[in-house]
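User: Please take me through reading the features of a model, with the general idea before the case at hand.

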Amino acid sequence: ASSAVSPVSSAAAVAAAAGCSDVSQATSVSVHRVLHLVEPTRVGALSKTQHDTTLVRALYSQLCAAITHPAKIKGTLRCPANLGISYTGTFYDGSRPLATFVYGASGCQTASLSAAGKTKTTIMVGSASAAAPKLQADLAKVLGVPSLVMAQPKSGTGTVQGGGPAK
């Protein structure tokens, strides 16, 4: 007899451990943008509590989809423009906290979800990105902004070989 765990039950176990079984109970989320390096981006603080359960549950579902399909990285992954912008939040059922999250929005994006003392984290590439294609858009909707401040380099503003600025 094999003791291998099926991918379905493994994903279910990860989902339960990270509080994803509570998605349908979420009634609100409080989100705060955290800026570790303010000057390069010149963006201000942002905080919002969202009570639209459709938006709240969509965001919670996207975070759960990401962490239950963690990226598998082989080799080196370069993460330019990590300016320290992240979004942190807490999902609630009424006044009862269900789970907390952190979405690292600059450099290589990351998503982490914590509940009942357990945290699951993934980098948002490959399988995680494919499983949660609406994560950024859903977070922007929760915050009531047209798009997130991502601080990714724009075309022509990267570095040339040798590390100097592009000219």
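User: In what order do the strands of the open sheet stand?

Analyst: Strands are DSSP E runs of at least two residues, helices are H or I runs of at least four, and both are numbered from the N terminus. Two strands pair if DSSP finds at least two bridges between them. Here 6 strands form an open sheet in the order β2-β1-β3-β4-β5-β6, and the pairing is antiparallel. The edge positions belong to β2 and β6 (118-123); each has a single partner strand, so one side of each has no neighbour in the sheet. On average, neighbouring strands are turned by 15° against each other, direction ignored. This is a predicted model, in which local features need pLDDT of at least 70 and side-chain atom pairs count only at pLDDT 80 or more, while totals for chains, interfaces and linings use all residues. Residues are numbered from 1 along each chain as its sequence is written, and side-chain values use heavy atoms, with hydrogens and water left out.

User: Over how many bridges do β4 and β5 pair, and which residue of β5 is the bridge partner of Phe 101?

Analyst: In a regular strand the side chains alternate between the two faces of the sheet. The antiparallel pairing of β4 and β5 runs over 5 bridges. Phe 101 has Leu 113 of β5 as its bridge partner, and Thr 100 stands opposite Ser 114 in β5. The two strands make a hairpin with 5 residues between them, and Gly 107 in the turn has a positive phi of about 65°. On to the next pair: β5 and β6 are also antiparallel, over 6 bridges.

User: How many residues of β5 are buried?

Analyst: Buried means under 20% relative accessible area, exposed means over 50%, and partly exposed lies in between (1.4 Å probe, protein chains only). Of the 6 residues of β5, 5 are buried, so the strand is mostly covered.

User: At what angle does α2 run to β5, and at what angle does α4 run to β2?

Analyst: The axes are lines fitted to C-alpha atoms, for helices over the stretch in contact, and the angles run from 0 to 180 degrees between N-to-C directions. Helix α2 lies across β1, β2, β3, β4, β5 and β6, at about 105° to β5. Helix α4 lies across β1, β2, β3, β4 and β5, and its angle to β2 is about 85°.

User: Which residues of α4 are buried, and what covers them?

Analyst: An α-helix has 3.6 residues a turn, so residues three or four places apart point the same way. In α4 (residues 135-143), the buried residues are Leu 135, Asp 138, Leu 139, Ala 140, Val 142 and Leu 143. Their cover includes β1, β2 (46-50), α2, β3, β4 and β5. Just after α4, Gly 144 has a positive phi of about 75°.

User: How many disulfides does the count come to?

Analyst: A disulfide is a pair of cysteine sulfur atoms within 2.5 Å. The count by this rule is 2 disulfides. One joins Cys 20 to Cys 64, S to S 2.1 Å. The torsion about its S-S bond is about -100°, so this disulfide is left-handed. The link spans 44 residues, from Cys 20 in the loop between α1 (7-17) and β1 (28-35) to Cys 64 in helix α2 (residues 53-67). Cys 20 is buried at 11% relative accessible area, and Cys 64 is buried at 6%.

User: Which way is the link of Cys 79 and Cys 108 handed?

Analyst: The sulfur atoms of Cys 79 and Cys 108 are 1.9 Å apart. With -95° about the S-S bond, this link is left-handed. Cys 79 is partly exposed at 34% relative accessibility, whereas Cys 108 is buried at 15%.

User: Is Met 124 buried or exposed, and with which residues is Met 124 in contact?

Analyst: Contact means heavy atoms within 4.5 Å. Met 124 sits in the loop between β6 and α3 (126-131) and is buried, with a relative accessible area of 10%. Leaving aside neighbours within four places in sequence, its contacts are Ala 66, Tyr 103, Gln 109, Thr 110, Ala 111, Ser 129, Ala 132 and Leu 135. Met 124 and Ala 111 are 13 residues apart in sequence and 6.8 Å apart in space, C-alpha to C-alpha.
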